[in-house]
Protein chains: 2
Amino acid sequence: MSTAAAMEWLKANEGASVNRLVDWLRIPSISTDPAYAAETRKAAEWVHAQLVELGLESQIIEVGKPKGSGHPIVLAHSRPAADYKGPHILFYGHYDVQPVDPVDLWESPPFEPVRKPAEKDGPGERIVARGAVDDKGQVMTFIEAMRAWKETTGHATGGAAYTILLEGEEENGSVSLPGFVAEYQKLLQECNVCLISDTGMLGRGQPAITYGVRGLAYTEVTLHAANQDLHSGLWGGRCPNPITELTKVLSKLWDKKRRVTIPKFYDDVVPLSKKERKAWAKLKFNAKAALKGIGLPPAADVGEAGYTAMEREWGRPTAEINGIWGGYTGKGAKTVIASHASAKVSFRLVADQDPAKITKAFFKWCKEHTPDGCRWEFTDHHGGFGVTVPFDSPYLRAAEKALKRAMGKSPAMIKSGGSIPVAGLLKSQLSLDTIFMGFGLSDDRVHSPNEKFELDCFRIGANAHAAFIGELVGK
Amino acid sequence: MSTAAAMEWLKANEGASVNRLVDWLRIPSISTDPAYAAETRKAAEWVHAQLVELGLESQIIEVGKPKGSGHPIVLAHSRPAADYKGPHILFYGHYDVQPVDPVDLWESPPFEPVRKPAEKDGPGERIVARGAVDDKGQVMTFIEAMRAWKETTGHATGGAAYTILLEGEEENGSVSLPGFVAEYQKLLQECNVCLISDTGMLGRGQPAITYGVRGLAYTEVTLHAANQDLHSGLWGGRCPNPITELTKVLSKLWDKKRRVTIPKFYDDVVPLSKKERKAWAKLKFNAKAALKGIGLPPAADVGEAGYTAMEREWGRPTAEINGIWGGYTGKGAKTVIASHASAKVSFRLVADQDPAKITKAFFKWCKEHTPDGCRWEFTDHHGGFGVTVPFDSPYLRAAEKALKRAMGKSPAMIKSGGSIPVAGLLKSQLSLDTIFMGFGLSDDRVHSPNEKFELDCFRIGANAHAAFIGELVGK
């Protein structure tokens with residue numbers, strides 16, 4: 001059995017696999033910050049070299065308008081064996097990472113990966129670094145699975161047809177990806193299904209396949225008042241304070257049931273089916289325990305009225321203020337009335353909400369709530385559609401079998417509240433479904449200080465990918 | 001006439017007077033930022049040297065707990081002539097300045113004073129620098145008046161008894177001043193009235209004496225939720241977002257009439273008298289024109305319902321958010337739910353509101369509005385009482401005569417919306433009244449980028465102080 005041999009190899013060579021991941025994690029590929037452009041490219045070159053080493057035809061492709069202004073895409077192909085009859089898989093991942101602030105909350109520097117015991121959660125180790133799980137660590141589970149097949153059979157995909165697309169702008173709205181997909185449409189349409197490892201398991205040792213993710217509309221609004229900062233003694237009570245007015249406007253974005261108040265916001269939302277709600281309830285997700293894990297009391301279980309925490313995360317749209325700033329934010333006191341105040345406001349969307357439509361509706365809503373004497377400045381950062389894969393997809397079943405083989409039990413079929421805009425893009429432009437076979441845990445501190453990836457999860461991921469290859473080639 | 005001679009000297013030597021001010025303005029004495037501690041001390045030493053040069057007994061006194069931890073106070077005395085029968089004046093000023101941010105909005109570096117034409121406002125020049133009017137420029141009007149008397153009569157105060165107190169923490173809540181006043185109480189109680197030049201005129205060429213200033217209570221609140229930043233996809237809609245919740249709470253601080261909603265907030269407010277409102281109405285203050293001057297339309301004339309803009313500034317308390325921050329505030333997008341969010345919230349108070357009582361009431365109000373699952377962290381930055389001088393004070397009349405002599409017309413009797421905590425302190429600890437004889441203009445950009453002082457105003461101030469000395473000594 002080739003799959004068994006590949007799994008044996010993974011077990012015997014795990015230390016080296018992890019060391020390769022550490023090398024990659026050392027590269028600070030923060031895609032949203034132009035200051036890290038060179039490092040981001042370095043992370044692309046690093047993984048390109050890995051793919052070449054595995055015998056794949058890999059290239060680094062310049063993207064953006066003008067070409068080269070974006071972070072490049074690594075595109076690789078594994079020629080299938082002559083007798084291969086299975087589907088052509090498009091593996092998608094990203095080599096860029098989130099910014100690291102607030103950096104003073106990191107227990108170790110974000111780009112100096114640390115391997116340490118997995119705390120109170122029993123035996124095993126974890127690796128702590130920015131990108132440990134999102135998404136370098138998860139991409140490496142696939143790369144090391146290919147390495148196992150390569151070492152044991154001579155062919156990194158065991159003869160299966162794979163196209164590998166690794167982008168460097170996932171954390172920056174995948175801004176160049178639509179142009180790339182359009183340009184390489186013919187080539188990408190040879191693929192039958194997309195496979196992504198950028199989501200989580202249901203819990204420690206509880207495998208899961210994600211069949212839906214939420215969409216995203218991310219905006220920035222600035223409210224302007226006076227053309228200069230003002231003395232709060234001379235002007236306090238005499239003119240609009242943009243911070244005050246911004247808080248007043250934004251506080252109206254939710255009603256008492258914590259539903260978003262933008263007109264028509266829920267018009268395109270596909271309601272949760274009874275069947276779906278029932279299936280999710282069986283997963284026995286403990287919302288209170290999850291809150292405890294982030295230091296919050298049971299009273300913090302707040303969200304849209306009428307839905308469970310799981311339903312709110314997986315199946316309902318939300319609005320969040322991701323950042324706010326204005327006026328004096330230094331030490332001590334400054335008696336100033338600011339000239340303007342800003343907020344980053346984003347919306348998580350579900351099928352069939354359209355990010356562009358939601359952003360437009362939000363800006364219109366802001367305009368309708370313009371405080372006396374003030375004016376708005378709007379920025380549309382980016383958006384992506386949510387996506388839900390048909391439950392009867394044969395590729396979902398293949399992934400299910402692979403996970404069962406890697407872990408000895410059937411995975412749960414779940415959704416995720418996060419957003420992977422590429423899935424929406426591939427569906428709309430290439431009619432490709434996406435299977436999310438992810439290995440993260442809910443306490444991995446994704447996007448936060450001290451992001452980590454359990455080595456247990458890394459191991460499961462590598463075995464699952466090795467088994468998935470085995471499913472494809474029937475070995 | 002000695003006053004006439006002093007005025008002649010001021011006219012003939014204005015260039016040198018302004019050059020001395022420029023020297024002082026070059027010293028970045030930002031008291032709130034510990035990084036500028038040495039420069040702040042340098043500004044004290046500079047003015048101390050000036051006073052010594054004028055023949056006064058001056059000393060630099062260490063303050064703070066422990067001694068020397070604060071910015072020093074410059075204390076100087078002018079021994080009166082043997083036959084002097086007038087009051088002993090306490091001149092108060094401050095040599096520290098506000099922070100300069102946002103620094104990129106300055107047209108010239110804040111500590112490289114520029115002398116330039118007074119724009120469209122007719123002939124004359126202005127000096128642009130941090131501290132130009134608040135308060136170094138105004139203190140220099142007094143110092144140069146003394147220099148004129150010294151040069152023309154040999155005695156800097158013409159024989160009048162003056163004690164001069166210049167502090168370096170006015171922009172930082174005068175934190176060491178109460179301790180200093182307590183320690184030097186016996187000496188300071190020899191004074192009969194305090195004279196402060198840190199306020200404004202009613203308008204260009206319209207002299208004014210300020211008989212009341214507002215008090216201040218300055219606070220900082222932080223709302224905490226999770227013990228870590230969270231991924232807004234995984235947690236959005238499942239737990240409290242402290243930025244969202246903070247905006248909801250703060251937006252409730254005002255009702256629809258823009259009155260502060262904290263219980264008992266208005267309990268100690270002395271209502272405006274009919275007489276006072278009538279007198280102010282006669283000043284024909286043009287609120288709309290003032291708004292236009294800061295780039296705002298007439299619709300921006302907002303504030304507590306039932307009061308004119310002037311009444312709101314001079315006679316009514318307000319609440320303002322001076323700063324707000326939380327979550328991701330960098331470029332682009334970060335899909336995060338912050339662990340906490342903060343705001344600087346201050347209150348301008350009128351007689352007889354007690355800053356400590358107001359701060360306590362605000363924190364209590366916050367607690368009563370604690371969002372589910374969140375907790376507060378409170379900081380009391382500082383406060384000061386408002387003060388109103390009795391309208392029949394003889395010293396007010398003397399200042400009135402001096403200003404009339406300097407400008408050829410009677411000053412208006414006005415109030416200011418700003419806060420000069422020292423006035424409240426001197427009243428409560430020493431029973432000293434304070435006369436505010438100020439020479440600023442409302443468009444001086446106090447506390448803002450491009451702060452300026454008109455040389456016309458500098459001239460009026462120096463002449464007024466010279467004439468005030470003349471009033472005291474009957475010359």
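Visitor: Which residues are exposed on the other side of α13(B)?

Guide: B:Pro394 and B:Lys401 are the exposed ones there. The terms refer to relative accessible area: buried is under 20%, exposed is over 50%, and partly exposed is in between, with a 1.4 Å probe and protein chains only. This is a predicted model, in which local features need pLDDT of at least 70 and side-chain atom pairs count only at pLDDT 80 or more, while totals for chains, interfaces and linings use all residues. Residues are numbered from 1 along each chain as its sequence is written, chains are lettered from A and ligands numbered from 1 in the order in which they are written, and side-chain values use heavy atoms, with hydrogens and water left out.

Visitor: What puts the buried residues on the same side of α13(B)?

Guide: The buried residues are B:Leu396, B:Ala398, B:Ala399, B:Ala402, B:Leu403 and B:Ala406. They span an arc of only 160 degrees around the axis, so they sit on the same side of α13(B). The arc is taken from the directions that run from the helix axis to the C-beta atoms. An α-helix has 3.6 residues a turn, so residues three or four places apart point the same way.

Visitor: What covers the buried residues of α13(B)?

Guide: The cover includes α1 (2–12), β8 (208–213), β16 (412–416), β17 (433–436) and α15 (455–473) of chain B. Helices (H or I, at least four residues) and strands (E, at least two) are DSSP runs, numbered from the N terminus.

Visitor: How do you know that the reach of α13(B) is close to the expected one?

Guide: The expected span is 1.5 Å times one less than the number of residues. Helix α13(B), residues 394–407, has 14 residues; the expected value is 20 Å, and its first and last C-alpha atoms are 20 Å apart. After α13(B) comes B:Gly408, with a positive phi near 80 degrees.

Visitor: Why is α15(B) called largely enclosed?

Guide: Of its 19 residues, 16 are buried, so the rest of the structure largely encloses α15(B). From first C-alpha to last, α15(B) reaches 27 Å, close to the expected 27 Å. B:Gly474 follows α15(B) and has a positive phi, near 65 degrees.

Visitor: What makes α2(B) roughly antiparallel to α3(B)?

Guide: Their axes come within 10 Å and cross at roughly 155 degrees. Angles under 35 degrees count as roughly parallel, over 145 as roughly antiparallel, 65 to 115 as roughly perpendicular and the rest as oblique. The crossing angle therefore makes α2(B) roughly antiparallel to α3(B). Axes are lines fitted to C-alpha atoms, for helices over the stretch in contact, and angles run from 0 to 180 degrees between N-to-C directions.

Visitor: Which residues make the contact of α2(B) and α3(B)?

Guide: B:Arg20, B:Asp23 and B:Trp24 of α2(B) meet B:Ala43, B:Trp46, B:Val47 and B:Gln50 of α3(B); contact means heavy atoms within 4.5 Å. These residues divide into four nonpolar, one polar and two charged. Ala, Val, Leu, Ile, Met, Phe, Trp, Tyr, Cys and Pro count as nonpolar, Asp, Glu, Lys and Arg as charged, and the others, Gly among them, as polar.

Visitor: Why does B:Pro110 count as buried?

Guide: Its relative accessibility is 8%, so B:Pro110 falls in the buried class. B:Pro110 is in the loop between β3 (89–94) and β4 (114–117) of chain B. Apart from neighbours within four places in sequence, B:Pro110 is in contact with B:Val100, B:Val103, B:Ala129 and B:Arg130.

Visitor: Is B:Lys264 buried or exposed?

Guide: B:Lys264 has 68% relative accessibility and therefore counts as exposed. B:Lys264 lies in the loop between α8 (242–250) and α9 (274–281) of chain B, and its phi is positive, near 65 degrees. Most residues other than glycine have a negative phi, and most peptide bonds are trans.

Visitor: Why is B:Asn450 called buried?

Guide: The relative accessible area of B:Asn450 is 9%, so the residue is buried. B:Asn450 is not a glycine, yet has a positive phi of about 65 degrees.

Visitor: What is the peptide bond from A:Asp101 to A:Pro102?

Guide: That bond is cis, with omega near 0 degrees. A:Pro102 is in the loop between β3 (88–94) and β4 (114–117) of chain A. In chain B, the bond from B:Asp134 to B:Asp135 is cis, with omega near 5 degrees.
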